[in-house]
Amino acid sequence: MDFKLLKELNAARIDKRQVVVATHEETGESTLLYPFEAAGSSPLIDAAKEALRRDKPTEFEGDDGVWFLNIHNPPLRMMIVGAVHIAQKLAPMAAASGYDVTVIDPRRSFGSAFRFPGIHLDDRWPDEALAELAPDRRSAIVTLTHDAKLDDPALEAALSSDVFYIGALGSTRTNAKRHQRLTGKGFTDDQIGRINGPVGLNIGAQSPAEIAISIMAEVTAILRKGNTDDI
Amino acid sequence: MNEMLEKAATDDVLAQAESWLSEGRKVALATVVQTWGSAPRPTGSQLAIDHEGQMVGSVSGGCVEGAVIQEAIELMENGGHKMLEFGVTNDEAWEVGLACGGKIRIFVETVN
């Protein structure tokens, strides 16, 4: 590896870009891949993408020999908007799954340390909080307030970012109304289609903990597989 | 020193490698590229070594680092890379210190 490449790699890590170091095991030649930023695709790029998704370095056998693909993923984060009952169950579950969790709610009686021991709380309005948290491709945003005043600004911020997951609590009817409001704000159907709503996998969840499980399962499927198509 | 900065300096293998190189030290990197059985560190784990044998990170949790450092310092003379394999049999695993009987392949390269 040359020093220039090492510096570029460290800069990419600081910028929280998803980067893969591909090293040819025979020649020792190394190159940096940014699979999610690359326009085209190739078997090597696809293997690198898969390794990043699975969070697992791997060997890739190409026509030109074996490459070792070492991955550098920024930390997983989850921003939960609405310090509601479901959030009390979801926050520790997400933390146990390896996410840095922030619960955002300007209503102090909801977002209290008493209700969320050990969880990072942010009492600013969601748009303000999210502007500073700068969610990225390794972030998930879940809105749980049921209140358009709080959920909508968060969803607008989410749609303007490249987070891997956006989920919004609410019935099919609530979702349809939300769709209308966001269309009014100038978002396209494709953009609004990034929102998973009703949130979570359909596992018949009833209690807050069960709903949190269904959300965590959906987030995991989209993180690891990119979709929930075959579930 | 800020606790987080201190942790970053001692834990971040690649940041440490860059900082050593900036100081004009010779540096090699060792990376676990494959494991079999109960290897102590997963693939992708890295160790950075400078020409005086200082190291940061780990490739086996202490079992084979000694042998890796020796190879790395030899490589620094002329540059280049080498694939190392440890723990072929349980007996040998014991010899080099992989007492768990696991098997690992480690890629060692210089950074120039």
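Reader: Which residues have the most contacts inside the largest nonpolar core, and how many residues does this core have?

Author: In this predicted model, the largest nonpolar core has 29 residues. Those with the most contacts inside it are A:Met78, A:Tyr99, A:Leu144 and A:Ile215. In chain A, β5 (77-81), α3 (85-96), β6 (100-104), β8 (139-143) and α8 (208-225) each supply at least two residues of this core. The largest share, seven residues, comes from α8(A).

Reader: What makes A:Leu90 and A:Val219 contacts of A:Met78?

Author: A contact requires heavy atoms within 4.5 Å. A:Met78 touches both residues, and its other partners include A:Tyr99, A:Val101, A:Ala140 and A:Met216, leaving aside residues up to four places away in sequence.

Reader: Which residues does the second, separate core include?

Author: This core of 20 residues includes A:Leu6 and A:Leu9 from chain A, together with B:Val56 and B:Val111 from chain B.

Reader: Why is the second largest pocket said to lie between domain 1 and domain 2 of chain A?

Author: Domain 1 (3-72) and domain 2 (77-225) of chain A both give residues to its lining, so the pocket lies between them. Among the lining residues are A:Phe36, A:Arg53, A:Arg138, A:Asp162 and A:Leu223. Both α2 (43-54) and α8 of chain A give two or more residues to this lining. The space in the pocket is about 250 Å³.

Reader: How many residues of each class does the lining of this second largest pocket have?

Author: The lining has six nonpolar, two polar and four charged residues.

Terms used. Residues numbered from 1 in each chain as written. Chains lettered and ligands numbered in written order. Predicted model: local features only at pLDDT ≥ 70, side-chain atom pairs only at ≥ 80, totals over all residues. Heavy atoms only, no water. Core = buried A, V, L, I, M, F, W, Y, C linked by side-chain atoms within 4.5 Å. Buried < 20%, exposed > 50% of the residue type's maximum accessible area, 1.4 Å probe, protein only. Helix = DSSP H or I, 4+ residues; strand = E, 2+ residues; numbered from the N terminus. 1 Å grid on protein atoms, 1.4 Å probe; cavity = no way out; pocket = protein on both sides within 12 Å on 5 of 7 lines; lining within 4 Å. Points joined across faces, edges and corners; volume = space filled by probe spheres on them. Nonpolar A, V, L, I, M, F, W, Y, C, P; charged D, E, K, R; others polar. Domains from an automatic or database assignment.
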